[in-house]
Amino acid sequence: PDWRALREGLSLLHDVPAQSILCGCGSMELIACIARVFADEENAVLAPAHAYPFFRTAALLARARFDTAREDDNQVSITSLLAEVRPGTRIVFVANPGNPTGSRIANSELRRLREDLSDNVLLVIDEAYGEFSDHLDTPLFDLVDRGDTVILRSFSKAYGLAGMRVGWGVFPPVVAVEMRKVMNPNNVTVASQAAALAALTDQQFMRDTCKITAEMRHRFSKRLLEAGFDVPESHTNFVLLRLRDADQARRADEVLRREGVFLRPQGGVGLAHCLRATMGPADSMDIAARLLEDWREEEKE
């Protein structure tokens, strides 16, 4: 129940204190528990307009008001987030890189957000896709030392262990104590802990996976851009396709589904004109790209 070996492995790899690490049944459990502990019907949770939808779910389960801040071209705006902070704001959730946008917030901007937030506002930075962009900047784990910031990560993405359900985070001691009061004390199975620890021991494989995924993402994006699609830059294992409107996105989705290709519609996060394509086997991505190219040609007729 204390994930001792896994915590020690994470501590050694990321140079953070083992006692500051909490593990969850996926990072979703940790997000839900954070909202349960620090939010209620008398205060609010704030997130970017097109943020990971479970942020909203967690806030509503805690009976808190859920506020959003405008994004600029699907890019999180720290200035907009700060402008939406209210006296009752108790938690600010951001995902970096973002899901479903794939966009990334510069570390300097995240540090500005933390500096300009009140000390009584908990900042939660969800880095579920962090390994895909770790090479671009330095880690932010030092922000946890302030006592008002949490950094979350997951084994579900770059490590490929989504079915094992292992999330983890670095928490200030005062926050961790309150979290343990509501967390399931037997949340991550022994098998899942063993799998996660084994995955940690092969960092080269994980980095190679990220590199291969990025190359595949680049080829897929380039092909669709050349076909006339709007595909913003992504720092994750997926890309966002922005269509003209919700109706066009629906038509594209129907064509793909008829051929057994499933992208993720994004109406639930206010992006009904978008579809999200997660990278998969090369032949599958080729089928998806070809179907989209053919559909776009038909749309022009």
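The legends below describe close-up views of a predicted model.

**Figure 1. The largest pocket.**
The largest pocket holds about 310 Å³ of space. Its lining is made up of 18 residues, and those closest to the pocket centre are Glu-131, Phe-132, Asp-134, His-135 and Cys-210. Helices α1 (4–14) and α8 (203–226) each supply at least two lining residues. The most is given by α8, with 7 residues. By class, the lining of the largest pocket has 7 nonpolar, 5 polar and 6 charged residues.

**Figure 2. The second largest pocket.**
The volume of the second largest pocket is about 250 Å³. Among its lining residues are Val-261, Phe-262, Leu-263 and Arg-264, together with Arg-276, Thr-278, Met-279, Gly-280 and Pro-281. Ser-284, Met-285 and Ala-288 also line this pocket. The elements that give two or more residues to the lining of the second largest pocket are β12 (271–278) and α10 (282–300). Helix α10 gives the most, with 3 residues. The lining of the second largest pocket divides into 7 nonpolar, 3 polar and 2 charged residues.

The structure holds 2 cavities of 30 Å³ or more, and the largest cavity has a volume of about 110 Å³. Of the 13 residues that line the largest cavity, Arg-104, Glu-127, Ser-133, Asp-134 and Arg-153 are the closest to its centre. The lining comprises 3 nonpolar, 5 polar and 5 charged residues. Two of the named residues, Asp-134 and Arg-153, form a salt bridge through their side chains, at 2.7 Å from N to O. Asp-134 is in the loop between β7 and β8 and Arg-153 is in strand β8, so the pair ties together parts that are 19 residues apart in sequence. Asp-134 is partly exposed, at 33% relative accessibility, whereas Arg-153 is buried, at 4%.

**Figure 3. The second largest cavity.**
The second largest cavity contains about 60 Å³ of space. Its lining includes Pro-48, His-50, Ala-51, Tyr-52, Glu-71 and Val-76. Val-94, Ala-95, Gly-98, Asn-99, Thr-101 and Ser-103 also belong to this lining. The residues divide into 6 nonpolar, 5 polar and 1 charged.

**Figure 4. A buried salt bridge between Arg-114 and Asp-148.**
The side chains of Arg-114 and Asp-148 meet at 3.6 Å, N to O. Arg-114 has a relative accessibility of 0% and counts as buried. Asp-148 is buried as well, at 6%. Salt bridges with shared partners join Arg-114, Glu-115, Asp-119, Arg-146 and Asp-148 into one network.

**Figure 5. The salt bridge between Arg-70 and Asp-72.**
The whole structure has 27 salt bridges. One of them joins the side chains of Arg-70 and Asp-72, with 2.1 Å from N to O. Arg-70 is exposed, at 53% relative accessible area, and Asp-72 is partly exposed, at 35%.

**Figure 6. Glu-29, a buried residue without a salt bridge.**
Glu-29 is in helix α2 (residues 26–38). The nearest side chain of opposite charge to this buried residue is that of Arg-36, 8.1 Å away. A polar atom of the Glu-29 side chain lies 2.5 Å from the backbone nitrogen of Cys-25.

How values were computed:
Residues are numbered from 1 along each chain as its sequence is written. This is a predicted model: local features need pLDDT of at least 70, side-chain atom pairs count only at pLDDT 80 or more; totals for chains, interfaces and linings use all residues. Side-chain values use heavy atoms; hydrogens and water are left out. On a 1 Å grid over the protein atoms alone, a cavity is a set of points where a 1.4 Å probe fits but cannot get out, and a pocket is an open set with protein on both sides within 12 Å along at least five of seven lines; lining residues have an atom within 4 Å of a point. Grid points are joined across faces, edges and corners, and a volume is the space filled by probe spheres set on the points. Helices (H or I, at least four residues) and strands (E, at least two) are DSSP runs, numbered from the N terminus. Ala, Val, Leu, Ile, Met, Phe, Trp, Tyr, Cys and Pro count as nonpolar, Asp, Glu, Lys and Arg as charged, and the others, Gly among them, as polar. Buried means under 20% relative accessible area, exposed over 50%, partly exposed in between (1.4 Å probe, protein chains only). Lys and Arg count as positive and Asp and Glu as negative; His and the chain ends are not counted. A salt bridge is a side-chain nitrogen of Lys or Arg within 4 Å of a carboxyl oxygen of Asp or Glu. A polar contact is a pair of N or O atoms within 3.5 Å; within protein, one must be able to donate a hydrogen and the other to accept it, and residues adjacent in sequence count only if both atoms are side-chain atoms.
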